[in-house]
Amino acid sequence: MDRAGIYLDHNATTPLAPEALEAMMPFLREAYGNPSGASHRHGAEARDAVEAARGEIAKLMGAGQAEIVFTSCATESNNLAIKGIAWAMRERGDTIVTTAIEHRSVLGPCRRLESDGFRIRTVAVDGEGRVDPASVAAAIDDRTILVTVMHANSEVGTIQDVAAIGRICREKGVPFHTDATQSLGKIPVDVGEIGCALLTASGHKIYGPKGAGVLYIRRRTRLVPLLDGGGQERDRRSGTLNVPAIVGFGVACRLARERMDGDAQRERALRERLRVGIFARVEGVHLNGPLEGRLPGNLNLSFDGLDGQALIESLKNVSASSGSACAAGSTDPSYVLRAMGMSEERAFGSVRFGIGRGNTEEQIAYALEEIARAVAKLRRLSAAP
Ligand code: PLP
């Protein structure tokens with residue numbers, strides 16, 4: 001077994017692909033030029049590398065190269081999309097339509113805008129975390145300036161029918177933003193098929209480095225930048241580009257394009273092995289989220305009578321996460337599971353397993369035994385007088 005333990009938290013972040021690391025190294029050492037503006041050789045070298053990465057990222061999502069804006073992370077991309085549109089469209093309306101299960105980096109900017117006088121309309125989800133496109137249509141009115149609905153959920157892996165939502169938005173003339181941070185590189189993502197004006201993604205979720213995100217912005221979309229300054233990224237996002245991270249992100253996107261189908265098949269098979277194995281060995285366990293229409297590597301389970309956080313802390317050599325630990329330091333029950341109609345107890349008892357590229361059958365077999373052991377032990381302890 002891996003000395004570092006078995007990593008089953010790929011929805012939180014992924015290890016850096018060796019190919020991405022290798023491509024990044026020259027840009028951390030000798031190729032340190034600033035890609036913006038400078039006409040000398042050092043600048044041109046960095047600029048060429050950034051543009052090659054931009055091309056790879058654009059290709060993975062079916063976008064034009066000029067529609068890709070580099071940011072520092074998906075959190076920044078979501079803030080830029082939501083606040084940028086709200087500020088640009090202020091004269092046209094004041095309402096943003098979203099869902100109750102978005103990542104905090106979507107809900108946070110929405111709350112901020114609400115306190116600045118914007119109106120937020122939150123669409124409900126069903127028991128498996130699915131948004132009904134008809135509910136989105138019903139929530140749009142003549143004051144709506146943006147619809148933001150995530151592609152795949154980070155906790156339960158539910159994949160939304162974003163193409164249907166995109167069609168509705170186009171018919172109603174409202175820009176559609178989707179947070180594809182969990183889906184890009186895992187399942188097909190095509191901005192044309194989705195029909196979105198804006199799409200968010202992040203390097204570190206797809207075996208790229210931390211520190212690089214992107215926002216796809218469809219041509220002619222009006223948006224006010226968050227950062228004003230040197231006018232980089234066609235004036236959408238000022239600031240010197242993080243060249244090594246962008247280069248690594250580009251390589252990660254190329255690898256994702258080459259490996260997506262194979263990875264998805266393998267991860268789904270391992271996920272099913274883990275799910276079926278746990279259900280066979282452990283009583284009082286529930287699947288959160290759907291079986292179909294779910295990210296291939298995601299498994300979210302609730303264990304009756306257990307605290308998910310206590311369970312993951314007692315797993316030896318297995319890294320997973322509990323719903324309540326999704327935001328740093330939070331011990332609240334997962335708001336995603338609560339919005340799906342689950343009781344507080346079931347939400348507290350949830351654990352998320354995120355299977356990824358490096359996991360093997362042997363690791364899953366070990367994790368299975370370890371989970372069964374830890375659950376039995378915690379239940380014994382809590383049953384003791
Ligand atoms: N959006 C979703 C759906 C996520 O899962 C995450 C990370 O967990 C983010 C946004 C934030 O990503 P980043 O760490 O790149 O800011």
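Predicted model: local features only at pLDDT ≥ 70, side-chain atom pairs only at ≥ 80, totals over all residues.
Trainee: OK. What about Lys 205 and Thr 181, how far are their side chains from the ligand?
Mentor: For Lys 205, a side-chain N or O atom is 2.6 Å from an oxygen atom of the ligand. For Thr 181, a polar side-chain atom lies 3.5 Å from a ligand nitrogen. Taken alone, the ligand exposes 400 Å², and the protein buries 87% of that (Shrake-Rupley method, 1.4 Å probe).

Trainee: Where does helix 3 run?
Mentor: Helix 3 covers residues 74–88 and lies across strands 2, 3, 5, 6, 7 and 8. Its direction is at about 160° to strand 7. Helices (H or I, at least four residues) and strands (E, at least two) are DSSP runs, numbered from the N terminus. The angles run from 0 to 180 degrees between N-to-C directions of lines fitted to C-alpha atoms, for helices over the stretch in contact.

Trainee: Which other helix lies across strand 2?
Mentor: Helix 2, residues 41–61, lies across strand 2, strand 7 and strand 8. It runs at about 115° to strand 2.

Trainee: What is the strand order in the sheet?
Mentor: It is an open sheet of seven strands, ordered 2-8-7-6-5-3-4, with mixed pairing. Two strands pair if DSSP finds at least two bridges between them. Strands 2 and 4 stand at the edges with a single partner strand each, so one side of each has no neighbour in the sheet. On average, neighbouring strands are turned by 20° against each other, direction ignored.

Trainee: How many bridges join strand 5 to strand 6?
Mentor: Two, and these strands run parallel. The bridge partner of Thr 148 is His 177, in strand 6. Strands 3 and 4 also run parallel, joined by five bridges. There, Thr 98 stands opposite Thr 122 of strand 4.

Trainee: Is strand 3 largely enclosed or left open?
Mentor: Five of its five residues are buried, so strand 3 is largely enclosed by the rest of the structure. Buried means under 20% relative accessible area, exposed over 50%, and partly exposed in between (1.4 Å probe, protein chains only). Thr 95, Val 97 and Thr 99 are on one side of strand 3, Ile 96 and Thr 98 on the other.

Trainee: New topic. Is Tyr 207 buried or exposed?
Mentor: Tyr 207 is buried, at 6% relative accessibility. It sits in the loop between strand 7 and strand 8, and its phi is positive, near 70°. Most residues other than glycine have a negative phi.

Trainee: And Arg 234, buried or exposed?
Mentor: Exposed, at 63%. Arg 234 also has a positive phi, about 55°, and lies in the loop between strand 8 and helix 8.

Trainee: Which backbone oxygen does the side chain of Arg 271 reach?
Mentor: That of Pro 296, at 3.2 Å. Arg 271 lies in helix 8 and is buried, at 2% relative accessible area.

Trainee: Last one. Where is Phe 353?
Mentor: Phe 353 lies in strand 13, residues 350–354, and is buried at 1%. Leaving aside neighbours within four places in sequence, its contacts (heavy atoms within 4.5 Å) include Leu 8, Leu 274 and Ile 371.

Definitions and conventions. Residues numbered from 1 in each chain as written. Heavy atoms only, no water. Polar contact = N/O pair within 3.5 Å; in protein donor to acceptor, adjacent residues only side chain to side chain.
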